[in-house]
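Open the structure in your viewer and keep the selection tool at hand. The stops below say what to select and what is there.

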Amino acid sequence: MRRLFRLELRRLLQSPLTWLAAAVTLVLPLAGYSLFPLLSWTTMTTIYLANPISLGTLGGTLAFAALTLYELSRVRRFRMEALTDSAVSTLALTVLRVLSIIACSLLTAVLGFALYGPYTVWKLDLVFSLGDYALCWFLVLFPALAFGGIAAAVCDFIFQRADVSFLAVTVFLLACKVGNLWAENPWWQWSLIKFPAMSDDFGNTLLFRIGAYSRLIWLCLFGGLFLLAMLCLRRYGKRLCGSFLLGLRRLWPCALAAVCLLCGGGLLWRNQPFLDHTPADWMSVEEVDYTSEVLHITSTVITADASDTLLGNVSGSAVYQIENWSGETQRLYFEMNPGYTIYSVKVNGQPAEAMDHGKDYIAGRYWSCELPADRENTVELAYGGMPQIWNVNGGAFYDTVVSRRYVDLNTKSIAPKPQAEILSEDTPYSLEITLPAGMTPVSEGTAEAVSTTDRGRVWSIQDTGRSALSVYAADFVKADLEGGGIPIEFYFSEKHREQLESLNAVSSMEAAVAYCTEHYGPRTFEQGKPFKILQLTEFQFGGFASGNISATMEESFTVENLQDKEKGASGAEVLAHEIIHQWWGLGVMLTDLEDPYWTSEGLTTYSTYRLMEERYGEDYARTHYLEPWEAAVEDSRNNFYVRHPEYLDRLPERYRGDIQSTIQGVNQYSGTALMIKRAEDLVGGREAMDEILSRLYREGGTELGPAYVTLNDFLNACGLTKEAVGRV
Amino acid sequence: MYKKIFRYELRRLLWNRVFLGLLLILLAYGWLTLIGEILLGVANTAPFSPWSFGSYCGKLLPVICAGELFFLTFFTGTRECRVLADASPVDPGRYAAVRLGAVLAGTLLLSVCGAALALGFYGAVFGWMGFASLAAPGLLVLVPAVVFCLGLGWMLGRINGALLYAAIAGILLVSQLPMPAAVDFTLGTFFGTFPKTLGTMDPAFTVPPSILWGRVGYTVAGGIPILFLWRRRTK
């Protein structure tokens, strides 16, 4: 058999069609760079690794399916069955052919790994990760090619027609990738695993864990199907059913193995540990508020271990001091990540029963236990498990994770969160958490390293007035930003240390903080605590502000973003732009239901211009901001579709959207910034505009509520009309 | 007899999987270029303006030229029975011309298919049919480059067939490099920037002398080796 395999492999490697399939697989990634990117996120790893690999994987699956069908139908096509059957068993030959094609797909992956390596290393530079790169080729691409071959073989065994089989594989692939039924479900993705984006700085562990699990499911399913389909190989001139029954009699161990594999795959699918079971119509689910008004938390002490970077499990114990003001027994509810289990509960030292309420909702599930009528109660819990993520959009938000490069545990994933009131703002909260070595945690409280164990480093995080907190840990470097009169801590990945130092970015960011604080007002956050700005993983899909933490996405730090001239003239100025978003975008949101160009980008761009004017003078600001804005707006105004909207109407909707977003981009940044500059001239200059913006920042708008500022809010504050500022 | 040889060579060139594969790649690439870039209009002109069409042809040019050089490998491979062909009673010069003609015809077919895709797209999406105005930019881009590659490929192929693959890589590389507008192989810079310097919206198609000379240069550079080699073979 080994000799036959070597012979078959050698024959395949001498066939031009094998090389054609390999070439298609290896050329398609080139189109993924810019011509046909499948993902819209803009981290460097998404652009230079995820997009090319995605396209190569999808194309390669079909190419290897076609190759398999061509090779399997050769004997049939040339009516040589009689000859080959006399030399070697059909079954053995078929299995060897498929194995040889799998070997060829592995060789293709190795070739691609070597060919694209230097370019990827060059482009990704400081964010290149050999592990992620290798996994992309050998966990994403290679199994897809192999599965393409196996799927084609299964179809060919059943239909005995290459054309019908290829059509079946193509339809199966498309059905799993397109449409609402299966496309959002990561377990249906047998070819290209669910690939929402890739992180540059914080690893992609969860993405690859889910990918590996999905590969295991499909290995079982395809293995089972392959064995089952082998029974359909035509024998003694019999047709499908006859051959199958005959095969069943002779190859019953094969059938048994097939059933075992299929059942195994099904069980793995059903009991997947990564996604929660939030109902699909989660928006219509009425949330029950279990918070008790008669139970008050007087202290929280958590000990958690988040150092298991292999599986990402978390375990820990929690001790809550709870006052029961009702004088009656009460039910105390906890909200916890649905991947966790409460192993034991003790109330006042006595074992108690923990009840699992069993309904998942947005990566949370309620548990409860009974509290006695005593006023002072001590509740001790032991819990643990693998944190699950929200299943919406196929669990695209790969943010709750414990990995070697990143730990992200939200309030429900650190420990069970008691649904009770906090007694006072001084109620102590203490968390002792073991994290993988080399990580620095950031949370709402104050973190301090206390010891080092063989599992990692133990950190003590203290805070007051809360029943839960979030912990983000990575190779964070802290920069203290001064200038706003408030302590601001900026945490970013160690990978960007040199880059930010060479850009002198901290000075630019401090200038941005000082400028915005002085001109618009201090950034609102929890008083008495430092304001923390974090660079976080792309899988959060947008920044957020919560308490004294504000997150900015890692794509702000990519080389391409730092070279975006619409945001700033240099990398440091782009980062200042991103910091100004803390005021415009996260402090107050700029949006307008009628004007798609009125977003936080315009005012942030204008503020960046004003800051640079203050720092470097009018000439610099005119050359690097006003003139490029005017040129961009002029160019946009001259756009063919702006001048001839009748042609835009003729386009199919998807093309129209592309063109409108191109025009929209210019108008959101340069167009709106220029409009605000015109308004500045009309209201009497810079100081008058600063006063208006400061009022809008502090008080917010009126049209959509104080959290939002619409274009009308802005114009009303300026006492101007759309016509006056040229916004018609 | 030469007509027969031409038909035979052409059929050998076109009636195989390589040509079909190249054609499919060209059409797929053309389609992605049309919907990804050309649809937006080049230099603020219409997607169906001569400028946009010229830019589209320039984008397809590397694939067309790579195809042309690949066709030439058919006549320089080790399987070529040169001894038999040389022993046959045909004039080597004319035989070479017939083969070059077949390569040119294959390349022409690729170019026509690429152009037809764009014209079909213009007709189907915009209902625009003024195709005559697109001939000039199409010819300006394609003819000099195709002649250049034919001459270069023919010359390299006579030295060593493997050099043709190096030429394919070279053409693909040169197409991506930023070059001065006059010697830009694909004329991408010219189509992308020149209309904006003319000071009017939707300017008529004009070509400055520097660009014209550049294209003449490419044509001559490709034509000389062909003439030279043909004459030598004839002697």
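## Where the chains meet

Select chain A and chain B together: 20 residues of chain B are in contact with 17 residues of chain A, contact meaning heavy atoms within 4.5 Å. This is a predicted model, in which local features need pLDDT of at least 70 and side-chain atom pairs count only at pLDDT 80 or more, while totals for chains, interfaces and linings use all residues. Residues are numbered from 1 along each chain as its sequence is written, chains are lettered from A and ligands numbered from 1 in the order in which they are written, and side-chain values use heavy atoms, with hydrogens and water left out.

Chain B and chain A bury about 1,700 Å² between them, 62% of it on carbon and sulfur atoms. Buried area is the accessible area (1.4 Å probe) that two parts lose on being put together, summed over both.

Next, show A:Asp635 and B:Lys196. They form a salt bridge, with the closest N and O atoms 3.1 Å apart; the term covers a side-chain nitrogen of Lys or Arg within 4 Å of a carboxyl oxygen of Asp or Glu. Between chain B and chain A the count is 2 salt bridges.

Which elements of chain B give two or more residues to the side that touches chain A? They are helix 2 (17-36) and helix 5 (92-126), helices being DSSP runs (H or I, at least four residues) and strands likewise (E, at least two), numbered from the N terminus. Helix 2 of chain B gives the most to that side, with 6 residues.

## Inside chain A

Colour chain A by domain: domain 1 is 2-270, domain 2 is 291-474 and domain 3 is 490-718. These bounds come from an automatic or database domain assignment.

Select domain 2 and domain 3 of chain A, whose C-alpha centres lie 37 Å apart. Here 15 residues of domain 2 are in contact with 14 residues of domain 3, and the two domains bury about 1,200 Å² between them, 58% of it on carbon and sulfur atoms. Highlight A:Val442, A:Glu444 and A:Tyr472: they supply 40% of the area that domain 2 buries against domain 3, more than any other three residues. Across this interface the rule finds 0 salt bridges.

On the side of domain 2 of chain A that touches domain 3 of chain A, strand 14 (440-443) and strand 16 (457-464) of chain A are the elements that give two or more residues.

## A pair of rings

Over all chains, a search of the whole structure finds 69 aromatic pairs. Rings of Phe, Tyr and Trp (its six-membered ring) pair if their centres lie within 6.5 Å; planes under 30 degrees apart count as stacked, over 60 as edge-to-face and the rest as tilted. Zoom to A:Tyr33 and A:Tyr116, a tilted pair at 6.5 Å centre to centre with 45 degrees between the planes. A:Tyr33 lies in helix 2 (residues 16-33) of chain A and A:Tyr116 in helix 6 (residues 90-124) of chain A, so the pair ties together parts that are 83 residues apart in sequence.
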